[in-house]
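Visitor: I would like to learn how to read a protein model. Can we take it feature by feature?

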Amino acid sequence: FSVALIDAAFDKDESVRQEISQALRELGCSHPRLVLLACHSYLSKHSKLLQGHRIVILHTMEAIVKETISQLDQPLAKMIISLASEEMTKLKASTPHLRASVVDAVGHMSYLLPPDKLEEQLPKLIPGILSLYKKHSEHFHITQ
């Protein structure tokens, strides 16, 4: 099940991490709601998770969102956007590419929300997005 894979996603061996991440992505493409909810729940329950482990999970979620956007619903989109805004504030400044990945996933999810629901989320997202440009000389594209 995906929780066991999420637990093992930050193995010491890089090749094992890649295999687990790929397995989660494949499972997520077949059952996106199940895997995204499992990742969301895992990140919510493990607030003291190592940053590297969080990064692996968030990258996996981003990949699943990109591949399965047409299969996702508004309530799930709202949950993931909310999680993304929380995660952006937790991530250290040394991870600008990950922050950009989180923003990219949010960009994909934003199409699923009605404008008024997306507007509700903007106050949470804007500080994380702006921090991409304030703290780093290199600029990152935040939408595709």
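Visitor: Which side chain meets Glu 62 in a salt bridge?

Guide: A word on the source: this is a predicted model. Now the general idea. Side chains of opposite charge can pair when their charged atoms come close. Here, the side chain of Glu 62 meets that of Lys 66, at 3.0 Å from N to O.

Visitor: Where do Glu 62 and Lys 66 lie?

Guide: Both are in helix 4. They sit four residues apart, about one turn of the helix.

Visitor: Is Glu 62 buried or exposed?

Guide: Use the cut-off: buried means under 20% relative accessible area. Glu 62 has 9%, so it is buried. Lys 66 has 33%, so it counts as partly exposed.

Visitor: How many salt bridges are there?

Guide: The count comes to four. One of them joins Asp 73 and Arg 33, with the closest N and O atoms 3.3 Å apart. This pair links distant parts of the chain. Asp 73 is in the loop between helix 4 and helix 5, while Arg 33 is in helix 3, 40 residues away. Asp 73 is partly exposed at 32% relative accessible area. Arg 33 is partly exposed too, at 40%.

Visitor: Which residue forms a salt bridge with Glu 120?

Guide: Lys 78 does, and the closest N and O atoms are 3.6 Å apart. Glu 120 lies in helix 7, residues 115–134, and Lys 78 lies in helix 5. The pair therefore ties together parts that are 42 residues apart in sequence. Glu 120 counts as partly exposed, at 42% relative accessibility. Lys 78 is partly exposed as well, at 31%.

Visitor: Let us turn to the core. How many residues does the largest nonpolar core have?

Guide: A nonpolar core is a set of buried residues joined through their side-chain atoms. The largest one here has 31 residues. Those with the most contacts inside it include Ile 6, Leu 36, Ile 57 and Met 61.

Visitor: Which elements give two or more residues to this core?

Guide: Five helices, listed by number: helix 2 (14–30), helix 3 (32–45), helix 4 (51–68), helix 5 (74–90) and helix 6 (96–110). Helix 5 gives the most, with seven residues.

Visitor: What is Met 61 in contact with?

Guide: Set aside its neighbours within four places in sequence. Met 61 then contacts Leu 36, Cys 39, His 40, Leu 43, Ile 80 and Leu 83.

Visitor: His 40 is on that list. Is His 40 buried or exposed?

Guide: His 40 lies in helix 3. Its relative accessible area is 17%, so it is buried. Not counting residues up to four places away in sequence, His 40 touches Met 61, Met 79 and Leu 83.

Visitor: Which side chain does a polar contact join to Ser 21?

Guide: That of Thr 60, at 3.3 Å. Ser 21 is found in helix 2. Ser 21 has a relative accessible area of 10%, so it is buried.

Definitions and conventions
Residues are numbered from 1 along each chain as its sequence is written. This is a predicted model: local features need pLDDT of at least 70, side-chain atom pairs count only at pLDDT 80 or more; totals for chains, interfaces and linings use all residues. Side-chain values use heavy atoms; hydrogens and water are left out. A nonpolar core is a set of buried Ala, Val, Leu, Ile, Met, Phe, Trp, Tyr and Cys residues joined through side-chain atoms within 4.5 Å. Buried means under 20% relative accessible area, exposed over 50%, partly exposed in between (1.4 Å probe, protein chains only). Contact means heavy atoms within 4.5 Å. A polar contact is a pair of N or O atoms within 3.5 Å; within protein, one must be able to donate a hydrogen and the other to accept it, and residues adjacent in sequence count only if both atoms are side-chain atoms.
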